[in-house]
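The report then describes selected ring contacts in turn.

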Amino acid sequence: MKKLGFGLLRLPKLAGSSHIDLEASIPMIDLAISHGVTYFDTAYTYNEGTNEFIFRDAIAKRYSRDAYTITDKMPMMNIEREEQLEPILQEQLVKCGVDFFDYYWLHAIGGPNYERAVKSRAFEHLVTIKKRGIAKHIGMSYHGTPELLDKVLSEHPEIEFVQIQLNYLDWLDKTVQSKACHDVCVKHNKPIIVMEPVKGGTLATVPPEVEAKMRAMDPNMSPASWAIRFAASQEGVMTVLSGMTTLAQVEDNLSFMDEFVPLTEEEQATLLECAEIIRGIVAVPCTGCRYCVDDCPMNICIPDYFSVYNTIKRFEGMYRADVVNYYNNLKFAHGKPTDCIRCGMCESRCPQGLPIRDYLEEAGAFLERA
Ligand code: SF4
Ligand code: SF4
């Protein structure tokens, strides 16, 4: 199996919509499969519940069942009772157009979702669906502290795989603690699936100083390639999920993951130096996962405002006029950052643990002056 997995969350979207453009996505998926990529990742909640249909139409309907593996996830953020589990699982099978899942995870375990999973007996349900042959392998995606991860894996040895956020920017980050979470997985002998290797695109466009360091290592490799290869080089990593948005990104990913060569220790050390530089520039370390937006009572497009704010801060005015126009368009269609009523709903959903309310206040004040 290739170390490159295809995350379907960030496929290209239809203009003005959060739904995916199937026609534009199919050539990307076909190219990946023609190069031996078999691991595809979807979830119940992605793209307002439509991502599983894209998997069905682009892959399940067009390829034989042995040409791919699919990972799907039980949306623990939506689960309060055991009775919800089986109907959602059955709905997912239908939406994906498959009889079984190769890999099936509890989605976003960590914090309140672990309590939900215990209360709703979701771990027990996982074991039964494996026995029934509906899932070949079971596991969880995880956002939380290494201490809680250690506790969950100690209490639930039935978990076979763990999906964690891992990239060179978060490796030693005090909040995300990628390395510490990675080390817990290794200690428990659990294969790792990496999510956010490029941190929602943050590591695909790096500051000039960082780019120069990368070019000095190899002038032909893209910034994204360094991020993905860093993740794939770590012990115990089975697959690195890349959420590709363009055909060019698929081509770039395949160019270095077709025949994957792990990074040297010196290269990894240089990337950790790059992380320090980037950390000093990124205003809001948001990955753009959008877990926070659905329940906002003020319809605030939180990650879009953070993206605008990061862009203006990072490029110090280079694209300012375009970005400010974009900001004004966002305000027209959504609530403004300053419309936030500080209910805190978004923060309970954020896997990065960001103080979203404070960041919105800061970004809103800055953008209104821009
Ligand atoms: S705290 Fe603000 S941004 Fe977050 S959900 Fe509530 S209103 Fe929306
Ligand atoms: S603020 Fe948090 S939940 Fe919202 S998109 Fe960013 S990282 Fe994801």
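What follows is a short account of aromatic pairs and of charges placed over rings.

## Basis of the description

This is a predicted model, in which local features need pLDDT of at least 70, side-chain atom pairs count only at pLDDT 80 or more, and totals for chains, interfaces and linings use all residues. Residues are numbered from 1 along each chain as its sequence is written, chains are lettered from A and ligands numbered from 1 in the order in which they are written, and side-chain values use heavy atoms, with hydrogens and water left out.

## Aromatic pairs

The structure holds 13 aromatic pairs, where rings of Phe, Tyr and Trp (its six-membered ring) pair if their centres lie within 6.5 Å, and planes under 30 degrees apart count as stacked, over 60 as edge-to-face and the rest as tilted. One of them is the stacked pair of F6 and F40, with 5.7 Å centre to centre and 20 degrees between the planes. Because F6 lies in strand β1 (residues 4-7) and F40 in strand β2 (residues 39-41), this pair ties together parts that are 34 residues apart in sequence; strands (E, at least two residues) and helices (H or I, at least four) are DSSP runs, numbered from the N terminus. Both F6 and F40 are buried, that is, under 20% relative accessible area (1.4 Å probe, protein chains only).

Y168 and F230 form an edge-to-face pair, 6.2 Å centre to centre with 70 degrees between the planes. Y168 is in the loop between β6 (161-165) and α7 (178-187), and F230 is in helix α9 (residues 223-232), 62 residues apart. Y168 is buried at a relative accessible area of 0%, and F230 is buried at 1%.

## Cluster and charge

Ring pairs also join Y39, Y103, W105 and F161 into a cluster. The charged end of K95 sits over the ring of F53, 5.4 Å from its centre, a term that requires NZ of Lys or CZ of Arg within 6 Å of the ring centre and within 35 degrees of the ring normal.

Note on methods: Buried means under 20% relative accessible area, exposed over 50%, partly exposed in between (1.4 Å probe, protein chains only).
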